[in-house]
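Subject: Structure handover

Dear colleague,

Please find below the structure for your review. A summary of the findings follows it.

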Amino acid sequence: MKTEQIAWILRIIASAILLQTLYFKFTAAPESVYIFSTLGIEPYGRIGSGIAELIVAILILIPKTTWLGALGGCGVMTGAVFSHLFVLGIEVKGDGGFLFSLALITLLCCLILLYQNRNIIINLLKTK
């Protein structure tokens, strides 16, 4: 029972972070436009990553697809973390590293969810 409660907490945290950033991406908030312009992928990267994050958040919240959403979330958040480390910097436009922290928290939640769902993934890999 406790494992299931932890899983739901992790699902909600990851999905809430992913979903709350959509407003900024889809409304072309100045900070979001700056980030994706710096990466050289504005506006398509901003909108595309927003769509990917929306799909991932929904998949994470559905118990049967949590593993798939967590896998996608790991991919999206690894890209975000690497973008911060190698291009943007940890602090973006004076945010004190807030966006970087959110990416790390989401990545950690997704990694734990993947670990909790490892049996599903292993069984899928064994099936021919």
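The side chains of Glu-4 and Arg-11 form a salt bridge, with an N to O distance of 3.4 Å. Please note that the model is a predicted one. Within this pair, Glu-4 has a relative accessibility of 41% and therefore counts as partly exposed. Arg-11, by contrast, has a relative accessible area of 4%, so this residue is buried.

A search of the whole structure returns three salt bridges, and the remaining pairs are described next. As background, side chains of opposite charge can pair when their charged atoms come close.

Lys-25 and Glu-53 are joined through their side chains by a salt bridge of 2.8 Å, N to O.

Glu-42, at 25% relative accessibility, counts as partly exposed.

Turning to the helices, how are H1 and H4 arranged relative to each other? Their axes come within 9 Å and cross at roughly 165 degrees. H1 is therefore roughly antiparallel to H4, since angles over 145 degrees fall in that class. The crossing of H1 and H4 is left-handed.

H1 and H4 also contribute to a feature of the surface. Which residues make the nonpolar surface patch? The patch is made by Trp-8, Ile-12, Leu-19, Leu-54, Ile-58, Leu-61 and Ile-62, and has an area of about 550 Å². Helix H1 (2-20) and helix H4 (44-61) each provide at least two of the patch residues. One of the patch residues, Leu-19, is located in helix H1. Is Leu-19 buried, partly exposed or exposed? With a relative accessibility of 36%, Leu-19 counts as partly exposed. That value also meets the requirement for patch residues, because these need over 30% relative accessible area.

In summary, the findings comprise three salt bridges, a roughly antiparallel arrangement of H1 and H4, and a nonpolar surface patch of about 550 Å².

Yours sincerely

Terms used
Residues numbered from 1 in each chain as written. Predicted model: local features only at pLDDT ≥ 70, side-chain atom pairs only at ≥ 80, totals over all residues. Heavy atoms only, no water. Patch = residues over 30% accessible without salt bridge, like charges linked within 9 Å, V, L, I, M, F, W, Y side chains within 5 Å. Areas by Shrake-Rupley, 256 points an atom, 1.4 Å probe, with all protein chains shown as cover. Salt bridge = Lys/Arg side-chain N within 4 Å of Asp/Glu carboxyl O. Helix = DSSP H or I, 4+ residues; strand = E, 2+ residues; numbered from the N terminus. Buried < 20%, exposed > 50% of the residue type's maximum accessible area, 1.4 Å probe, protein only. Axes fitted to C-alpha atoms, helices over the stretch in contact; angles between N-to-C directions. Parallel < 35°, antiparallel > 145°, perpendicular 65-115°, else oblique. Left-handed = near helix turned anticlockwise from the far one by under 90°.
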